[in-house]
Amino acid sequence: MTLDFTPDHLEIERRVEALLFAAAAPLSLAEIARRLPEGADVGGALTALQERYQGRGVELDCVAERWRFRTAPDLGFLMTEEREEPRRLSKAALETLAIIAYHQPCTRAEVESVRGVSLSKGTLDLLLEMDFVRLRGRRRTPGRPVTYATTDRFLEHFSLASLYDLPGVQEMKAAGLLDLSMPVGFEVPDPSRAGDDEGEDLLTGLDDAAPEFAQDFVSEDEESQP
């Protein structure tokens, strides 16, 4: 007679809960599964925990396909005294970040083309330094310009599970971010094409020609018409 010592679903749920509380960073489903018995229903345990913690002071959240416990959004004000004052992005930096998010991978010249103005010194460097944007690759065009894409930190900061959760046309209209009388044929760019590396060589490291971080980040939005 063979005894089955496989933990039941409640024990698996307990172990997943312990892992997430002890983890220094969000964990993917695969990372959790590696620490549990083979065949454990990790997905079921995560779903059960998410339901159990819904509406509590601490909630289970999935960002960039990684799971974490976090303070409930409406209780964030309790932590303000213990946190450093967050760095605020200028209007130019926010616009640049939005363009990269929806058009990625894209080059600096393409960002400037969409915005209609030249980027002020340090805007991209600031986004790189804050880990909202990363160097993705080099376009197979003359000059081999560097392309930019968003990071998991970007998804985490804006509480997005993936790029597919970026607002679409209807959401933007409802929020008043798009004019109701848009030109015929206007479409919000599809950020899912970030996984398409056609016409681009992905970077494996920062080469000599890659942009360097600017140490004197601008505090004002200094822009000039092209």
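These questions and answers walk through a predicted model and why its parts get the labels they do.

Q: Why are α1 and α3 called roughly perpendicular?
A: Angles of 65 to 115 degrees count as roughly perpendicular. The axes of α1 (residues 9-22) and α3 (residues 42-53) cross at roughly 70°, so the two helices are roughly perpendicular to each other. Their axes come within 9 Å.

Q: What makes the contact of α1 with α3, by class?
A: Nine nonpolar and three charged residues, with no polar ones. On the α1 side you'll find Ile 12, Val 16 and Leu 20 among them, and on the α3 side the residues include Leu 46, Leu 49 and Tyr 53. Glu counts as charged, and Glu 13 and Glu 17 of α1 take part in the contact.

Q: What makes β1 a partner of β3?
A: The cut-off is at least two bridges, and two bridges join β1 (residues 27-28) to β3 (residues 66-71). That counts as pairing, and the strands run antiparallel. Ser 28 stands opposite Arg 66 in β3.

Q: Why do β4 and β7 stand at the edges of their sheet?
A: The order of this open sheet is β4-β6-β5-β7, with antiparallel pairing. β4 (106-107) and β7 (200-202) each have a single partner strand, so one side of each is left without a neighbour in the sheet. Elsewhere in the sheet, five bridges join β5 to β6, and Arg 134 stands opposite Ala 149 in β6.

Q: How do you know that α4 packs on the sheet?
A: Contact means heavy atoms within 4.5 Å, and α4 touches β4, β5 and β6. The direction of α4 makes about 90° with that of β6.

Q: Which residues have the most contacts inside the largest nonpolar core?
A: Leu 89, Tyr 148 and Phe 154 do, in a core of 27 residues. Its largest share, six residues, comes from α4. Leaving aside close sequence neighbours within four places, Phe 154 is in contact with residues including Leu 97, Ala 101 and Leu 163.

Terms used
Residues are numbered from 1 along each chain as its sequence is written. This is a predicted model: local features need pLDDT of at least 70, side-chain atom pairs count only at pLDDT 80 or more; totals for chains, interfaces and linings use all residues. Side-chain values use heavy atoms; hydrogens and water are left out. A nonpolar core is a set of buried Ala, Val, Leu, Ile, Met, Phe, Trp, Tyr and Cys residues joined through side-chain atoms within 4.5 Å. Buried means under 20% relative accessible area, exposed over 50%, partly exposed in between (1.4 Å probe, protein chains only). Helices (H or I, at least four residues) and strands (E, at least two) are DSSP runs, numbered from the N terminus. Axes are lines fitted to C-alpha atoms, for helices over the stretch in contact, and angles run from 0 to 180 degrees between N-to-C directions. Angles under 35 degrees count as roughly parallel, over 145 as roughly antiparallel, 65 to 115 as roughly perpendicular and the rest as oblique.
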